[in-house]
Amino acid sequence: MFTVDPIGYFHTECTSTYEVPRQATRTSENEGIIQLKAGCQFEQALEGLEGFDRIWIVYRFHRNTHWKPKVLPPRGGKKQGVFATRSPHRPNFIGFSSVELKAIKGLKLFIANHDLIDGTPILDLKPYLNYADGVKAERQGWLDSLEQEKEFHLVWSEKILTQLDYLECVWKCPLKKGIENRLKQSPFPYANNRVKQISAGFYELAYRTWRVNFSIQEELIKVDSIASGYDKETLEGIKFSKWDDVPIHQAFIQHFI
């Protein structure tokens, strides 16, 4: 038995696990900040790291309370042993990610291409080395039998661009980048990704407390509109909600009647 003391914490707009991408290196606009603890001589420990484009982050899945010996990956449709996946439901709740290092300012590390949520405890940092970490493996286990994932291109309708602009400008509620990240990584329904099929070719993404309507045609995703995820009783004030953004939804509905 041993204890681990975090060296710092991660800060980002992503507050829920479903908001972060499955493969972080494919989402270049996903950014955040690692804030290291003061008074620990970490300023000296960072010397030389600024010259690396990528770094490894070792961290703790702090939202997890238990692990699972078998998990359902987002690809394949079949449960696999957790040690054969990148699932966060691991025995010691430890994760690691390769991220892009944008800058270091004091005890703050500015990174991109991450797959962490806000508040993640950081346990260690290491440089990414091409000669050691960029080794290409010939076999990829159960993934070898799967088709290569498609690269999707997003097209936004004028309607949803107007809706998102209103929410960001009037209510300081930026949603576009997060929605784009979610749809590019996994637009089809699977366990716990908050996407459901409405009809042939048409889908709905539950993003935070909003519902995003979109359609898929081959490699093209057309994002049509956004609507409130609250029921009628909540929006009319009949039913109490623990969420504090209900007034934003009410104003949104009134504005776009």
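How are H3 and H6 oriented to each other? In this predicted model, the chain contains six helices and 13 strands, and the pair formed by helix H3, which spans residues 158-171, and helix H6, which spans residues 246-255, is considered here in some detail.

Two packed helices are described by the angle between their axes and the distance between the axes. For H3 and H6, the packing angle is about 130°, and the axes lie 11 Å apart. Angles over 145 degrees count as roughly antiparallel and those from 65 to 115 as roughly perpendicular, with the rest, once the roughly parallel angles under 35 are also set aside, counted as oblique; H3 and H6 are therefore oblique to each other. The crossing in which H3 passes H6 is right-handed.

The residues that bring the two helices into contact can be listed from each side. From H3, Gln163, Tyr166, Leu167 and Trp171 take part, and these meet Pro247, Ile248, Ala251, Phe252 and His255 of H6. When the residues of this contact between H3 and H6 are sorted by class, seven are nonpolar and two are polar, while no charged residues are found.

As for the chain as a whole, its C-alpha atoms fill a box of roughly 55 × 45 × 35 Å along the principal axes. The chain has 257 residues, of which 39% count as buried, and it exposes about 15,900 Å², with 52% of this area supplied by carbon and sulfur atoms. Among contacts between residues at least 6 apart in sequence, 65% join residues that are at least 24 apart.

Technical notes: Residues numbered from 1 in each chain as written. Predicted model: local features only at pLDDT ≥ 70, side-chain atom pairs only at ≥ 80, totals over all residues. Heavy atoms only, no water. Axes fitted to C-alpha atoms, helices over the stretch in contact; angles between N-to-C directions. Helix = DSSP H or I, 4+ residues; strand = E, 2+ residues; numbered from the N terminus. Left-handed = near helix turned anticlockwise from the far one by under 90°. Contact = heavy atoms within 4.5 Å. Nonpolar A, V, L, I, M, F, W, Y, C, P; charged D, E, K, R; others polar. Buried < 20%, exposed > 50% of the residue type's maximum accessible area, 1.4 Å probe, protein only. Areas by Shrake-Rupley, 256 points an atom, 1.4 Å probe, with all protein chains shown as cover.
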